[in-house]
Amino acid sequence: MKFFLNGSWQDRDEVLEVTNPYDGSVIDTVPKASSDDVNTAIAAAVEGAKVMEALTGYERFLILRKTADLMRERQEELAQVLSSEEGKAIAEGRMEIDRSAQTIELSGEEAKRLSGEVLPLDGGKDVRNKLGFTLRVPCGVVAAVTPFNFPLNLVCHKVGPALAAGNAVVLKPASDTPLISLKLVEILLEAGMPPLALSCITGSGRTVGQGICSDPRVRKISFTGSKEVGELICSVAGIKKVTMELGSNCPMIVLPDADMDLVAQQTVASGFANAGQVCISAQRLLVVDSVHDDFMSAVLPKVEGLIAGNQLDEGSNIGPMVRESDAVRVESWIQEAGAAGASIVAGGQRSGAIVQPALVDGVTSDMRISREELFGPAVGVQRVKDVDEAIRLANDSEFGLSAGIFTQDIDAAVRFAREVQSGNIHINWGPMWRTDCMPYGGLKDSGLGREGPKYAVEEMTEMKSVVIHSK
Ligand code: NDP
């Protein structure tokens, strides 16, 4: 495919190959953008921002609603592209298209709701005859830098609110999964988005991503990806607004009064979706000693029942990881835990980019599988004495994105909600739950700011205070 820059589809001599991680076959190529292309994209966005600001909120709503309609009409075609380049099971690919359309639709709704507030200025000493209110105005140029793992929905969580708020966007999708972003651009244009409102340029993070993020004409960066790249971006950003949606190693606590069938079902849903490549995957299962064996008996057959294979086969629950090198890393972390005394009760074997879903019992907090972000199809089980130890271990992480607890004890659940340092808290559900309208984001090294169209629009607009001084 070509990329979309400065209002037109363009080729370059140098290209990146986009491969299917299941068999390594080349699906397509995309142009490799240069530093000049970055400069052109930002200059175009400066002009595009003027065009966008001149549209009414209702006009922006109509374009985004039409975009969502077109995405739904093309669900199957888009799902095939997405699953082929990313590797997720086709059923998950279809689900992502459906969610992405909803994200765009919700964003469109927010275009109609940009408002300010009347300020109680006479609450200030000796203030009379003043009328004050706030106005929300677009940021201007928004940079969107996105990861591979939800290559459409996470793009929609940036592009949708940015356009709804009247900004222009420069989008740099992950190099493993650029095709679905370019398809989104085609649809936005068909729905009537002004061509200068959005450039989507493909190429390496280091040149293209960093070039965009360090440019002073960009006022707002919305980034989703690893903590390491998030830190790099913050170090070059300068004076800009930033939203950082970074990694995690989410805990899930199981107390003695948990509904064990639900726990087993949620362990699988939360731990293995998208081959574990989800920022809110359940990674660290903290299970109270007295129910450990019940937990293992309930969950083991479910993990063993998962079928890993070609993501486009309807029978596969789990596809390949996005890159074989990541599968090699995950396999080695599992083996490392085994060598350090944990038992690999199921899975862990690798063939190419496919890792068999793994259940690793008896992990300890100092193992890499517990400390770092695994981002792969394995969960580690650690016995704990009681809720106190569970909460202490849940917080024993640099990350804080999502956490779950299973219990019928309301006091324990409320303590968990108050004491666990995590941006998202789930009671009687796994950590991997999100609906696209809710505020979503992390504490600690999991990031800054919130997504969800209503909240992202706030972060992608700026506030002016207006005061009328009457006699
Ligand atoms: P990366 O951080 O490797 O890459 C994310 C994006 O940043 C890609 O587009 C990449 O480009 C680009 N990039 C790389 N280097 C730079 C740079 N120096 N400057 C600017 N941009 C750069 O993440 P992955 O794609 O591997 O995604 C996985 C990560 O994303 C995990 O850590 C996961 O937890 C996190 N994530 C967080 C979510 C959240 O909501 N908190 C949701 C989903 C994922 P290129 O591909 O060309 O390298």
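Modeller: A salt bridge here is a side-chain nitrogen of Lys or Arg within 4 Å of a carboxyl oxygen of Asp or Glu. The model is predicted, so local features need pLDDT of at least 70 and side-chain atom pairs count only at pLDDT 80 or more, while totals for chains, interfaces and linings use all residues. Residues are numbered from 1 along each chain as its sequence is written, and side-chain values use heavy atoms, with hydrogens and water left out.

Colleague: How many salt bridges does the count come to?

Modeller: One of them joins the side chains of Glu 110 and Arg 113, at 3.0 Å from N to O. Under the rule just given, the count of salt bridges comes to 33.

Colleague: Is Asp 326 buried or exposed?

Modeller: Asp 326 forms a salt bridge with Arg 329 at 3.4 Å, N to O, and both residues lie in helix H11 (residues 324-339), three residues apart, about one turn of the helix. Helices (H or I, at least four residues) and strands (E, at least two) are DSSP runs, numbered from the N terminus. Buried means under 20% relative accessible area, exposed over 50%, and partly exposed in between, with a 1.4 Å probe and protein chains only. Because its relative accessibility is 13%, Asp 326 counts as buried.

Colleague: Which residue meets Arg 368 in a salt bridge?

Modeller: The pair links distant parts of the chain, 32 residues apart, with Arg 368 in helix H12 (residues 368-371) and its partner in helix H11. Arg 368 is partly exposed, at 32% relative accessibility. The N to O distance is 2.7 Å, and the partner is Glu 336.

Colleague: What is the order of the strands in the open sheet of seven?

Modeller: Two strands pair if DSSP finds at least two bridges between them. Strand S14 (343-346) and strand S21 (424-427) are the edge strands, each pairing on one side only. Three bridges join S14 to strand S17 (residues 358-361), and these two run antiparallel. Pairing in the sheet is mixed, and the order is S14-S17-S18-S13-S12-S20-S21.

Colleague: Which residues does Ser 84 touch?

Modeller: Ser 84 is found in helix H3 (residues 75-86), and at 13% relative accessibility Ser 84 counts as buried. Contact means heavy atoms within 4.5 Å. Not counting residues up to four places away in sequence, Ser 84 touches Thr 19, Asn 20, Pro 21, Ile 27, Gln 311 and Leu 312.
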